[in-house]
Amino acid sequence: MSAPARRDDAAKSPQAVRSGSPHDLWQQAIRIRQEWLDQALSTQPADRPTAERCLTGIYARASRPRPRFEWVDSPDKARALISGWPTLDQLYERIRDPRPRGTTPVASDIAMIASQLRGALSAGVTHTDPELSPVRASKTREPWPELAPLQALDSGVPLAVVLHQGVRAALHRSLAHGYRLPVRAALAGDDPAPVCWYGQQDASWIAYYDTLRRLGLARYGPDEAGHLDTWADLARSCGWWWPGEDVCVVVDRPEVIRTEPVPGTAHDQIRLQPRGLRYRDGWQPLLSR
C-alpha cells in the first residue's frame, strides 16, 4: 500500500451526521478513519503557511510569541538544530522535582495544554468515553474483547468501545508502532531524542474526536472545537516538529511512504515496509521490527 498522492479535504467537514444503527455509524466511522489515515500517509509537500499559522496558535496557548520557523526536509536534518533540547525523561524529571529551576520548557507547556484539550473533548462525548475510563462488560467486569467490528457489535460490544478500538487504538498502533517508533529509533540510535510532535502522524487522537463529532456523538464547546481544529489543520499540513523557545523546527512531509497490512488485526492496521520511507533530502532510514 502506498500513500495517496493527493490531499483529501473531506476530512475538514465537521458536520454531525448521527443517524441509523450502530452498524451504520460504524460504516461512516470507517470512512472518516480512512480520510485521516490518508492524511497521516500523505506525501504532498507541506502546506507551510497553514502549519505556521497553527503552530503560532499553539504557542500562543502556551503564552509564547510566534517562533521563528526552521523548515527541514527530514528528521535527520533536524538533529543538528535540536541538539541539547529537552528529552521526555528530562520533562518528567522536572515534573517530579518539587522545586524545578528555571523557566518551564515550551515543550512541557504544549504537552500540558494538549492533554487538557483531550480531557475537555472527552467531557463533551455523549457516552462514557473509553479514553477516560475503560468500559467493562457488566457481568464479568472484564474489559470488552477486541473483535472484528461487525462481530463485536453483533456480540453486544457497545458502539463506543468499537469506535475507540477501531479508530483511536487502531490508528495509534498503525501510526505509532507502525511508523513513528521505528523511525524515531533509527533517528536517535542509542541516545534519547528531544521531545517532538508528529504532525500528520498525530492523527490518531485527532481522528477519534473528529469522528465522534461528525457522528453526532460529541458536543464540544466553541473553544475546544476551535482548538481541535487547530491540531487537525496542523496534522493536514506538515510532518514532525520540535518546539523550542525561539525556534520551531518543522519537517516537510516525506517524498515516499510505502506500507503493508499487519496480519491478523481486527481493524486493518498498517506498518511501514522495511525500506518504505524516503524523505525529500534522500534520507531513507532502515527500519527494524
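Biologist: Is W242 buried or exposed?

Modeller: This is a predicted model. In it W242 has 0% relative accessibility, so W242 counts as buried.

Biologist: And W240, buried or exposed?

Modeller: W240 is at 1% relative accessibility and therefore counts as buried.

Biologist: How many aromatic pairs does the structure hold?

Modeller: Seven aromatic pairs. One of them is edge-to-face, between Y198 and W240, with 4.9 Å centre to centre and 90° between the planes.

Biologist: Where do Y198 and W240 lie?

Modeller: Y198 is in the loop between α7 (159–188) and α8 (203–214), W240 in the loop between α9 (222–235) and β2 (241–243), so the pair ties together parts 42 residues apart in sequence. Y198 is buried, as is W240.

Biologist: What about the rings of W240 and W242?

Modeller: Their centres are 6.3 Å apart and the planes are at 55°, so that pair is tilted.

Biologist: Which charge lies over the face of Y198?

Modeller: R180, at 4.3 Å from the ring centre. Elsewhere, the charged end of R118 sits over the ring of W205, 5.3 Å from its centre. W205 is also in a cluster linked by ring pairs, with W197, W231 and W241.

Biologist: Switching to helices. How do α2 and α5 cross?

Modeller: At roughly 90°, with the axes coming within 9 Å. The two helices are therefore roughly perpendicular to each other.

Biologist: Which residues make the contact?

Modeller: I58, Y59 and R61 from α2, and V106, I110 and I113 from α5. Five are nonpolar, one is charged and none is polar.

Note on methods. Residues numbered from 1 in each chain as written. Predicted model: local features only at pLDDT ≥ 70, side-chain atom pairs only at ≥ 80, totals over all residues. Heavy atoms only, no water. Axes fitted to C-alpha atoms, helices over the stretch in contact; angles between N-to-C directions. Helix = DSSP H or I, 4+ residues; strand = E, 2+ residues; numbered from the N terminus. Parallel < 35°, antiparallel > 145°, perpendicular 65-115°, else oblique. Contact = heavy atoms within 4.5 Å. Nonpolar A, V, L, I, M, F, W, Y, C, P; charged D, E, K, R; others polar. Phe/Tyr/Trp six-rings, centres within 6.5 Å; stacked < 30°, edge-to-face > 60°. Buried < 20%, exposed > 50% of the residue type's maximum accessible area, 1.4 Å probe, protein only. Lys NZ or Arg CZ within 6 Å of the ring centre and 35° of its normal.
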